[in-house]
Amino acid sequence: MAAKDNSFDIVSQINIEEVKNAMQVALKEITNRFDFKGSKSDMKLEKEDLILISDDDFKLDQVKDVLTAKLIKREVPTKNLQYEKVEQAAGNTVRQRVILKSGIDRDDAKKINNAVKESKLKVKTQIQDDQIRVTGKSRDDLQQVMQIVRELPLSVDVQFINFR
């Protein structure tokens, strides 16, 4: 009987519930901070994007810092946040859209595929939409692939799931 192939998937996901929790805690901190008294600072979720609002660029940066700290605490990959340009908004405020990127784009998928091929390990990679399936007979090879992928300079944070 042939040995069964082992496999795992490489994905890039953001847990939206953890983002919501981090936003609540960040908003609570901003509301209670002395330097934000009377400020119009706010953040909200629109579909898959975060909208940050504040009085000026300086306060907006502080809002970002508070939010980033809370996201890190909740293990949300901050590498997956893509900050758009700061724009003027109503009532003398500034607004910034933050895109929550999930999924592995084509460029990152190519980087991963090439690195795995160059490693000469006996594994196969298969791109499936926005994730990559890696299969091989040896679990050690699969763990080496994980290590290789962790060291790659990717535009998003990756997770390894469905290890079988």
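Reader: In this predicted model, is serine 54 buried or exposed, and how is that judged?

Author: A residue is called buried when its relative accessible area is under 20%. Serine 54 has a relative accessibility of 0%, and therefore counts as buried. The residue belongs to strand 3, which spans residues 49-54.

Reader: Which residues are in contact with serine 54, leaving aside its neighbours within four places in sequence?

Author: Those contacts are Phe36, Ser39, Lys40, Ser41, Lys59, Leu60, Val63, Thr93 and Val94. With Ser41 there is also a polar contact, made between the two side chains at 2.6 Å.

Reader: How far apart in space are serine 54 and alanine 69?

Author: Their C-alpha atoms are separated by 18 Å, and the two residues stand 15 places apart in the sequence.

Reader: Let us turn to charged residues. How many salt bridges does the structure hold?

Author: Side chains of opposite charge can pair when their charged atoms come close. In this model there are 13 salt bridges. One of them joins glutamate 17 to lysine 20, with 3.7 Å between the closest N and O atoms.

Reader: Where do glutamate 17 and lysine 20 lie?

Author: Both are in helix 1 (residues 16-32), and their spacing of 3 residues is about one turn of the helix. Glutamate 17 is partly exposed because its relative accessibility is 46%; lysine 20, at 38%, is also classed as partly exposed.

Reader: Which salt bridge does arginine 74 form?

Author: The side chain of arginine 74 meets that of glutamate 18, at 3.0 Å from N to O. This pair links distant parts of the chain, 56 residues apart: glutamate 18 is in helix 1, whereas arginine 74 is in the loop between helix 2 (57-73) and strand 4 (81-83). Arginine 74 has a relative accessibility of 33% and so counts as partly exposed, and glutamate 18 is partly exposed with a relative accessible area of 22%.

Reader: What is the salt-bridge partner of glutamate 46?

Author: The partner is arginine 97, with an N to O distance of 3.6 Å between the side chains. Here too the pair links distant parts of the chain, from glutamate 46 in strand 2 (residues 42-46) to arginine 97 in strand 6 (residues 93-100), 51 residues apart. Glutamate 46 is partly exposed at 35% relative accessibility, and arginine 97 is partly exposed at 34%.

Reader: Which residues are linked in a network of salt bridges?

Author: Glu29, Arg33, Asp35 and Lys70 are linked in such a network.

Technical notes. Residues numbered from 1 in each chain as written. Predicted model: local features only at pLDDT ≥ 70, side-chain atom pairs only at ≥ 80, totals over all residues. Heavy atoms only, no water. Helix = DSSP H or I, 4+ residues; strand = E, 2+ residues; numbered from the N terminus. Buried < 20%, exposed > 50% of the residue type's maximum accessible area, 1.4 Å probe, protein only. Contact = heavy atoms within 4.5 Å. Polar contact = N/O pair within 3.5 Å; in protein donor to acceptor, adjacent residues only side chain to side chain. Salt bridge = Lys/Arg side-chain N within 4 Å of Asp/Glu carboxyl O.
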